[in-house]
Amino acid sequence: MNRTSAMSSKPVASPSPRIGGKAALLTATAILASTFSFNATATAQPSPELQQKLAAIKQSVAENQQKLHKYQWTETRQLTLNGDAKPPSQFLCQYGPDGTVQKTPMSPPPPPPSGGRMKQRIIEKKTTEMKDYMGQVQTLLALYVPPNPQKMQQAFGAGKVSLNPSPNSGTTNMVFKDYAQPGDQMTLTFSSATKKIVNINVNTYMDNPQDTVTLAVQFASLPDSTNYVAQSVLNATAKKLVVTTTNSNYQPVMGQ
């Protein structure tokens, strides 16, 4: 056997399989994408407790609104502007056919401004501006009180709801972010025993995020267990305005 023949008959070893270059990059990317997808899916799953609490709150709000439609009550509104308390205003309130609260003034109209024409015009202008602003305040309040089941569900679906239980008090704080406006936050305290809202605290704003507004709402119950807003305090920092609203003297509406 010659040397050439021996060399040609020797088996040639196949190269060991090896992933490199572009193939390695694609494989690593696929593994990372799979892992991220799994983690994202696991994180997105809401806890059963959160789902149960939200369902209980939505049911409580819906049932309570039906009960409130059978009542009329007195609303007393106190404005404090730049630290100066204004005369309180009172309204007789009840729900109208369209589902909104109708308010009939009970307080006498304020006396006309005194002084010269220029002073009267300035006072009238400021009064008009304050009325317009108060209209905006009422619109803002309606976004949060009573809580809107649809908005609560939207925040839940977006993963912007969290629980903060307080076992010692028997309540749970449910925190909603971006609830009615981008960047706002509503914290709703719910009693596990009574299945009712205890209070609501809101951090929001008027026309822009610089015009910050805080809202603190306290609830109470009537003898038939109907839950209602006993008092709300709105603080519009930029306007140096505090609006304290107290609801009282609940009476059944005749014929309902």
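This is a predicted model: local features need pLDDT of at least 70, side-chain atom pairs count only at pLDDT 80 or more; totals for chains, interfaces and linings use all residues.
I begin with the fold as a whole. The secondary structure consists of five helices and 11 strands. Of the 256 residues in the protein, 28% are buried. Among contacts with a separation of 6 or more, 44% are between residues 24 or more positions apart. The protein has an accessible surface of about 16600 Å², and carbon and sulfur atoms hold 57% of that area.

Let me turn to the strands, and to strand 11, residues 241-252, in particular. Within strand 11, Pro252 is the residue opposite Tyr71. Strand 11 also pairs with strand 10, residues 227-236, again in the antiparallel sense, over six bridges. Here Thr244 of strand 11 has Val233 opposite. Strands 10 and 11 form a hairpin with four residues between the strands, and in this hairpin Lys240 adopts a positive phi near 55 degrees.

My last topic is the second largest pocket. How much space lies in it? The figure is about 980 Å³. Its lining comprises 39 residues, and those closest to the centre of the pocket are Tyr95, Val101, Ala142, Val145 and Pro146. Which element gives the largest share of the lining? That element is helix 4, residues 117-144, with seven residues. By residue class, the lining holds 22 nonpolar, 13 polar and four charged residues.

Terms used
Residues are numbered from 1 along each chain as its sequence is written. Side-chain values use heavy atoms; hydrogens and water are left out. On a 1 Å grid over the protein atoms alone, a cavity is a set of points where a 1.4 Å probe fits but cannot get out, and a pocket is an open set with protein on both sides within 12 Å along at least five of seven lines; lining residues have an atom within 4 Å of a point. Grid points are joined across faces, edges and corners, and a volume is the space filled by probe spheres set on the points. Helices (H or I, at least four residues) and strands (E, at least two) are DSSP runs, numbered from the N terminus. Ala, Val, Leu, Ile, Met, Phe, Trp, Tyr, Cys and Pro count as nonpolar, Asp, Glu, Lys and Arg as charged, and the others, Gly among them, as polar. Two strands pair if DSSP finds at least two bridges between them. Buried means under 20% relative accessible area, exposed over 50%, partly exposed in between (1.4 Å probe, protein chains only). Contact means heavy atoms within 4.5 Å. Accessible areas come from the Shrake-Rupley method with a 1.4 Å probe; for residues, only the protein chains shown count as cover.
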